[in-house]
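Me: I would like to go through this model with you. Could we begin with the terms and then turn to the details?
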Amino acid sequence: MRLEKRNESSALVLIAAPFAAVAFTLSVAALLVLWAGAPVGRTYSLLLQGGFGSVFAWSETLTRATPLILSGLAATVAFKARLFNIGAEGQLYAGALAAIAVGGLHGGTGLEWSPWILFPLMIVAAALAGAALLLGPALMKQKLGVDEVVTTLLFNFIVLLFVGAMLDGPMKDPTAMGWPQSVALNGELELGKLIEGTRVHSGLLFAAFLAVAMWALFRFTTLGFRIRAVGANARAAAFAGIPVTGTVVMVALLSGGLAGVAGAIEVAGRTGYVTLDMSPGYGYSGIVIAMLAGLHPIGVLLASIFVAGVLVGADSMSRAIGVPTYIADVIVATSLLSVLVATLLTQYRVRWK
Amino acid sequence: MTEPAPVLRIRNISKRFGELLANDAISLTLDSGEVLALLGENGAGKSTLMSILFGHYVADAGDIEVFGKPLPPGNPRIALNAGIGMVHQHFTLADNLSVLDNIVLGSEPLWQPFSNRRAARTKLLDVAHRFGLPVDPDARVGTLSVGERQRVEILKALYRGARILILDEPTAVLTPQESESLFATLAQMVAQGLSIIFISHKLGEVLRVSDRVAVLRAGKLVAEAATKGVTQAQLAQWMVGHGVDAAERQPTRVRGGSVCALERVSTARRGREYLRDVSLALHAGEIVAIAGVSGNGQAALANLLCGTLSAEHGSVTLLDAPLPAEPDRLVQLGVARVPEDRHAVGVVGDLPVWENALSERLSSPAFSRGGWIRGTAARAHAQTIVKRFDVRGGGLTTAARSLSGGNMQKLILGRALTPPAGAVAAKLIVAHQPTWGLDIGAVAFVQQQLVAARDAGAAVLLISDDLDEVMALGDRIAVMHAGALTEALPAEQWTRETIGLAMAGSHAASTPGAERAA
């Protein structure tokens, strides 16, 4: 068996590949459902209903999708430039912490600033915190050849320990009866709800706007051009006069910044404070979403809603039937692997012999 | 050569890749003790045919017989065992191992705990002696010259019992003198009963070494003849399908002032690939051609003038100001650059043609404003380049990767030589191996463009390891060896022999012309 490069990949094949991958994933997961002794059809229909079957289901899915869109965009811009940022999880927590530092500590204690100043300040602080975390690995990659996958991954553990220390120390909520939880965000800084009585908040619109903005960045701007050129062939980009290190640093700031903003939006839109379990791996899921989307910003919107729907749907399905919610993690993880294979097959064909 | 049974018989081999019929019912025979030259342009199907013979590809139709026995398809090991040996153009040797280790590598089973080095050494020396290929088994391959490395490659094939030897463009990396010594070796091997397939697109050497010649064009065998009795013109016509005018030297008419000057320039050392005390002046309206075996500092010289390498010592000036080591500044100042490796450096393969046409001038006000790309203007400019330089094989939105080598080179050349409105025309052209691997038509086009740019007043630096090209185009010629450059002398003061000697680093040849011209 060997792989032969295809001359051309048609647009249809490129669009069909992720859907084929999802279909394949669902059929693999069906085997596990059978193994758990549950009827496949009913399980999937419950999952679908739980994720998309009602206004409430949609509201929960979109709430879950909001941070996923932002972390998916963070991975997309980084991967486009071949800066493999695996540290979005840590950058997200750093952003959340920065948001509380601006909007929780000061906002709550004496600094009587208008929310019109404080809110943008909070977002910028979160973006800077995330960006700062990725700046070091990006510079080490460009200047010293240090593998950014290793450095960004390890930073996640450092950041989580730091968050733990802060939640037990300077940012500890004195009213939380000993729970490791930060002080609450100033209520004036919380994001408005889009639908009364649900949790879906205006952060969704902000995330969707950023997705469109990134699409325009890639398509119409010189920076977007530089990012794509550096990612596709850094040597040729350098020969053409594109500053490779400068572009990678710019990408690091964008990617880390987006992950940081994801943390701030979670705090301002959903939780109201920082805990050590506020993110069930949103940063890592962002990688899956970016790959599912084929590194297309608009695709990130769709992929986020798909992944969020699966996660939310699995929760409600497992309450009704004896299949554990872990099936959602299996589906998400398998879909990443199948998308990678499907992408490979759009570029190569398999020859048996 | 009329031997009774052919050692190799290829019958009706066809191979199709998608739309492309790479081999179309090709039949060939190779007799014992014969040198068969396989001639054809790039893409004519030579490599495909040899890959099928060697088991890398499986033919769609046809069969192969070696020494009267059918050869099962698709297995390189069986081909090796049947006595077929291949010497690739790009050597497959490990630099850090000795000659003996390189030759033994892969010829012993993996599970054999100890290699039998003494027997291997005896066998190697015996083979070397028999075929007249002297070699030091303990020398590290990294310390050998290119010609010696090729000898090791040939020995590797002979050591494994090859009786049919395929040489893929063997002279591409050799100096003229090294080529001569290779030809002598070939004669000796043939005398020992070996049969040789010699792949080349250089007509002169094909006539010199082969007994018979087979010409491929667009996947078909178009001609087969005894070498005695054919002429270069005849071969060229078979290769391209129509008559070809031999490139005629058109010497420069007006030599202008100095455009770019290197003054005792040295760069950081990386093997032989560096500059050592190099001085050179490039004048408007003149082509300076740099000859030399590649890997002797040509890349350093090209990178220096393309803005991707800085000098450690010495000065480089462009139009009387220090040359900035920034590609985009150089482009603005009128330096047109054609890099050696068009796939890896010249274009970003995944991006479309129009974006590649734009990439060097992204920050030019003609194509961007406030960080936004002026798409319409950029596409119009790309269209101009595509039209003027006849870039075929796709539209503006086709990925550059899918262009053929010739069209890709036309795109790169067009991008370099087509300034947008308001930018200066090319003043200095740095062309590194601009015709390498192109078909004859594209070669002629590229060379004409360089001559035309010179006639329009540009200074041209042409770096090439094709001696014919150097001699056909250069108004002045200099030779590189191990980082050092000879004086650039008028082309008339050089001969093929003196250039060859200088390429090999012979000291007597470094200061040739002066006495000769006197």
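Reply: Two strands pair if DSSP finds at least two bridges between them. Helices (H or I, at least four residues) and strands (E, at least two) are DSSP runs, numbered from the N terminus. This is a predicted model, in which local features need pLDDT of at least 70 and side-chain atom pairs count only at pLDDT 80 or more, while totals for chains, interfaces and linings use all residues. Residues are numbered from 1 along each chain as its sequence is written, and chains are lettered from A and ligands numbered from 1 in the order in which they are written.

Me: What is the strand order of the open sheet in chain B?
Reply: The four strands of this open sheet run β2-β1-β4-β5 in chain B, with antiparallel pairing. Its edge strands are β2 (20–30) and β5 (69–70) of chain B, each of which pairs on one side only.

Me: And how many bridges join β4 and β5 of chain B?
Reply: Two bridges join β4 (residues 61–66) of chain B to β5(B), in the antiparallel sense. B:P70 in β5(B) has B:E65 opposite.

Me: Changing topic: at what angle do α12 and α13 of chain A cross?
Reply: The axes of α12 (residues 297–320) and α13 (residues 326–347) of chain A cross at roughly 160° and come within 8 Å. Axes here are lines fitted to C-alpha atoms, for helices over the stretch in contact, with angles from 0 to 180 degrees between N-to-C directions. α12(A) and α13(A) are therefore roughly antiparallel (angles over 145 degrees; under 35 counts as roughly parallel, 65 to 115 as roughly perpendicular and the rest as oblique).

Me: Which residues make that contact?
Reply: α12(A) contributes A:V307, A:V310, A:L311 and A:A314, and α13(A) contributes A:I327, A:A328, A:I331 and A:V332. Contact means that C-beta atoms, placed from the backbone, lie within 7 Å. By class, the contact has eight nonpolar, no polar and no charged residues. Ala, Val, Leu, Ile, Met, Phe, Trp, Tyr, Cys and Pro count as nonpolar, Asp, Glu, Lys and Arg as charged, and the others, Gly among them, as polar.

Me: How do α3 and α11 of chain A cross?
Reply: The axes of α3 (residues 55–80) and α11 (residues 282–292) of chain A come within 7 Å and cross at roughly 60°. That makes α3(A) oblique to α11(A).

Me: Lastly, how many residues of domain 1 of chain B touch domain 2?
Reply: In chain B, 10 residues of domain 1 are in contact with 10 residues of domain 2. On the domain 1 side, α6 (176–191) and α8 (232–240) of chain B are the elements that give two or more residues.

Note on methods:
Contact = placed C-beta atoms within 7 Å.
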